[in-house]
Structure formats: C-alpha cells, structure tokens
Amino acid sequence: MQLLKIENLSKSYGEKVLLDSINLTISKGDRIGLVAKNGSGKSTFLRVIAGIEDAEGENRKVALNKGVRLSVLWQEENFDPNATVLDVIFDLDLPEIQAVKEYQWAVLKDEEALLTSALVKMEEFKAWSVEAKIKEVLFKLKIENLEQQVSTLSGGQIKRLALARLIIEDADFIVLDEPTNHLDIEMIEWLEKYLQNPNLTLLMVTHDRYFLERVCNTILELDCGELHTYRGNYSEFLEKRSARLENESVVLAKTKKLFKKELEWIRRQPKARGTKAKSRVEKFHEIKSQASKRLEEEKMDIALKTARLGSKILEAHRICKSFDDKVLIDDFSYKFKKRERVGIVGPNGSGKSTFLKLLTQEIRPSSGRIIKGDTVVFGHYKQEGIDFSEDKRMIEVIRDIAEYIPLEKGFKLTAEGLLEKFLFPRSQHRVFVSQLSGGERRRLLLLTVLMTNPNFLILDEPTNDLDIVTLNVLEEYLLSFPGCLIIVSHDRYFMDKLVDHLFVLDGNGNVKDYNGNYSDFRAIHNIANREEKRVIEKVSKPQEIQEKPKQKKLSYLEKKEFSEIEPKIENLEKRKMEITEQFEQSDLDPESIKKLSLEMSEIQNHIEALEDRWLELSQWM
C-alpha cells in the first residue's frame, strides 16, 4: 500500500540547491534511513514532507495517501514549558486518548465525581486497551511523574516524552529526526527493538550506524541535490554505493574523452554553422556539463599538532562526589597511562558529566584529590557545546582563539585554511553563527577544541548532530591520536571502534573498570540478566510445573473449560454495561460509586484473564 508520493520536488536557498527534482514513493512496511553530509538538506526534506516548508519545482507533488496519519519526532521539540507531562502525552485529537487522559487526571486528583465521568468515557470509547498500552510505554521510557512541568525536564527526559507521545499516537507513517540524541544506550537499544516491528513504516535521519544496520530495509542518500535509493541495510548501502561511484567514475572518464574530442571539433569550426552543427554545439554543452561533474568527495582533514605528553599524566586518589544525599562517585582511584582509550557508560543521571568535570578539575571532589601532570593539555568537547555569539561571523570565532595554528614539522596554517580543512569553504567564512545548521555548529565546536593542541581529549557526546562522513574522519583521527582519550557517547559503533576499556557508572557511586568495548560489555550484561531471570523463575515455580511437558492435546475438562469461556465473557460484558448505566444515574451516592468502581476494575481484570486463557487453550484446539 502506497503511503506517500513525491514527484519533481525541488528546494533551494539562494544559489544553493538542496533538492533537485526528487522523486520518491514510500509504501507500507518501508523502514528508510536518510543519510547525507551536514547542510545537504536532510532536515529541510523532512520539513517539506511534514508540510512545514513549501515545496518548489514545476508539476511538484508531495501527497500523503488519503486517511494516512503522519507523526513526526523532531530533533528539538518545542513543547509548552508550562505544560505538564500529562498535557504533552495526551495532546492528541483522538477520543480514546482523551478518555484515558481524563481517567488518569481523575486518578491523580482522587475525586469521585471526576472518576465517575471518566469511567463512563472509558467504556464509551473502549479505551481500556489503550490505557494499558500507555502504561506500558510510560514504564518502558521511565516516565513516572505525570504532573511534572516541561520546563523542569532534562534534554533526555524531553526526548523520552516526545517518543512516548509518538508511540502512543500509533500513526500509519512516522518521521524521525535524530531519534537517538539525548537517550542513554539502554533506551536506544529498546527503541531499536521497537522500530524493528515489520508493521511500522518510517523515514528517519540518524548518524547511529548500528541503528541503520538493524532497523532499516532501505537507505536513501542525498548527494548534491540528487536522491539515490539503495535497498537493504547500512552494510548493503556501503557496498552498493561503492559500486555506483565506481561505475560513475568509468562513465565520467569516457565522457571526458568525448568532451576533449568535441572540444577540438568546436575550436576548428567557423562561427557560421548549419543546423546539424548547431545541434552538435548544443550536445557539446551537455557533454561539458557532464564532464565537469566531480565525483571526488570532500573530506575533512584533521592534521593538527599535539602537545608532548610527559610520564605523569592524570591520577585520581580516592575521590568522592555527592550532591546533598545523592552519591555519584564513591572512592574512585585510577592512574591514566599514555594512549589510554576509555569509554564511560551509565544511565542518564548516573554522573557521567560530573565525572568528567572532576577529572578536568572544573569542580572539586567532596573528598580525595586529582593530580594533573605538568604537560597535560585538556581538550574538552562538552555535550552542551559553547554559547557562540550569534552575531559573530565564523572566521571571527576562529581568530578569537588564534590567527595561525601550528602543524607538524614546523608548518603553520591560517584561520581561513583551518576552516577549509573542516569543510567550511571560503564563501562561508563570513557567514554568521546564527545561520549555521546544528551539524555545522558541532563541527565548528570540534575545531575550536582541537586547535588548542590538546594531548588529553575528553569528548562528551561528540556524535550528536554530526553526519556520518564527518564521524568517519573523526574516528580515523582519534585512532591515530597519540594522547589520552575519554569518550562519553550513546553511539555504540563509535565506542566499539575507539575504546579499549570502560568505566561503568551505576548511579550509586560505583565505578567499575571493564576490559573490553561496549558490545562486549552488553553481551556479558545481557547473559547475566538472562541467567538471573532464569534463576528467579526456577526458584519461584514449583519443580513439578517446570518439568511438566507442553500439552499437545486438550483433556475433556479443558475442552469443557474452553467452551464455557465465551459465555462467561458475555455475562461479564453485560454486567459492565449495567454498571455503566448505574454511573449515569444522578442520585448515586459516593459509597456506591466507590463500590461500583472496584467491581468494574475486578470485572475488567477477570475478562482479561479469561481472554488470555482462551488464547492459551485455542492454540491446541
């Protein structure tokens, strides 16, 4: 079933063409990843699909199929800061959702009049299954305080709130712009499993390569305004893209030979030409355009000098850090060695950023001490970034740090040359910071950190908003970086490629040193969890129940039980209707309301138990 049809879509800003006559069809079950360099137009493409920006181009068409509901998760959500979590989650124009909202509000307020009205609506719109799903989603995403105001939420909490709202809406087609930003790794793994559902249809922009590998069945590449489609996941995309570029390279070589031949002909011809000559001239200009195409990808070049690192680097001696009664770091000691590669993992709120600030002596420990070597130069890439002055031009930001940057072997590089190495062309150097995309700001921030020539790099969520091309170059630089490296990142691919061991924070002050990368750690962690669950189940179940083999045929009593389930459910449904009618009576006293509410809840639980039993028995009928 076709959900979205795009024809002849174009979009440009001034002379910069972002989308050039794009054609695309999205059908039910497509799980599409969109990749491109920063500033290529990924977010613009999503905004056009969502109807936020107007499309351009003759005979253009951006059409959702009739009746298809679209839901979007934006990179940055603009929720009302004064709204509560409950307001945001249930801000959906669906009657069953509004019924659940009214019911949740009545439960929070514990007012019988509100509860009576809410129960009537829950029955009217058959919203009990919706309510159960909402509870499950909120539990999975760790959203507990429904009365909390949006203004008090962290970036990770807002992202989880937006995800909950998206999942609850249960749209036919979902669009996701960097869905993993601000989520901890466990939450990303849960979201990855949810999005693997074959019934989902989605289009997403993400830099998470494991996400693209495990979730997507199609990859779109936006390159120089053109859209290239590759069926398969991320690894298949890399293979097919390489084959496409190789093929285009062969075609380009032939076109250039033809262009040289045509150029010789056109130089020999007199100015006055016949009809055939004119058509050949027109063909010449077409060949010239094709021959001028550049297939070589621009690559970010990081070749900055690194300060010498002495034998004494960084030592932590029994450091502790607590805020009020909350202990984040408790009795941690460690001596860093040359070329150390450490990843830091832990759930949101476990103290990862605090840990980094302790190591850089930005904050003082509650007890213990940090000793830094004399030659250590920190380069700290912070998750929250730097508040660049919006009215400053890009070149001014760099010159405020240095006019010239020292390179290896005594060479120097101007501020302009440095910007070009980081894929900022000369035409962009005088652009104001306010005009940069999120990814371009991140790239500029990375530049300002590296140009201080650090020998101890600390990167706190460096992958947010960076495109895959930039990430690949950054990874290659960090693999050969001669100093020490600490990484906090939710990007599992990035961590696996770069770190040798992990500091695992549990949020209760414990910091465990695990020898291996993130995938190794998660594999061991998952095995331990499964073993713990198996032991719990073994202890909680009587031995005879465990050893009882699965029954392939129903006994006479079970067949009799199966035949009686449906009549029982019908009787319970009738009683539910009677209670609903009683709720509508105006003379009902509070005590009766309470009793009926309890009975309604018991009936609902009984119906669900009978339905589960019916399903269990039906598979053997």
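View 1. Helices here are DSSP runs of H or I with at least four residues, strands are runs of E with at least two, and numbering goes from the N terminus. This is a predicted model, so local features need pLDDT of at least 70, side-chain atom pairs count only at pLDDT 80 or more, and totals for chains, interfaces and linings use all residues. Residues count from 1 along each chain as its sequence is written, and side-chain values use heavy atoms, with hydrogens and water left out.

View 2. The accessible surface (Shrake-Rupley method, 1.4 Å probe) is about 33,500 Å², and carbon and sulfur atoms own 49% of that. Take the contacts (heavy atoms within 4.5 Å) between residues at least 6 apart in sequence: 68% of them link residues at least 24 apart.

**View 3. An open sheet of three strands, ordered β11-β10-β13.** Pairing is antiparallel, where a pair needs at least two DSSP bridges. β11 (326–335) and β13 (367–372) sit at the edges, each pairing on one side only. From one strand to the next, the twist averages 20°.

**View 4. Zooming in on β10 and β13.** β10 (residues 314–323) runs antiparallel to β13, and five bridges join the two. Look for H317, which stands opposite R369 in β13.

**View 5. Helix α11 lies across the sheet strands β10, β11 and β13.** α11 covers residues 352–359 and runs at about 135° to β10. Axes are lines fitted to C-alpha atoms, for helices over the stretch in contact, and angles between N-to-C directions go from 0 to 180 degrees.
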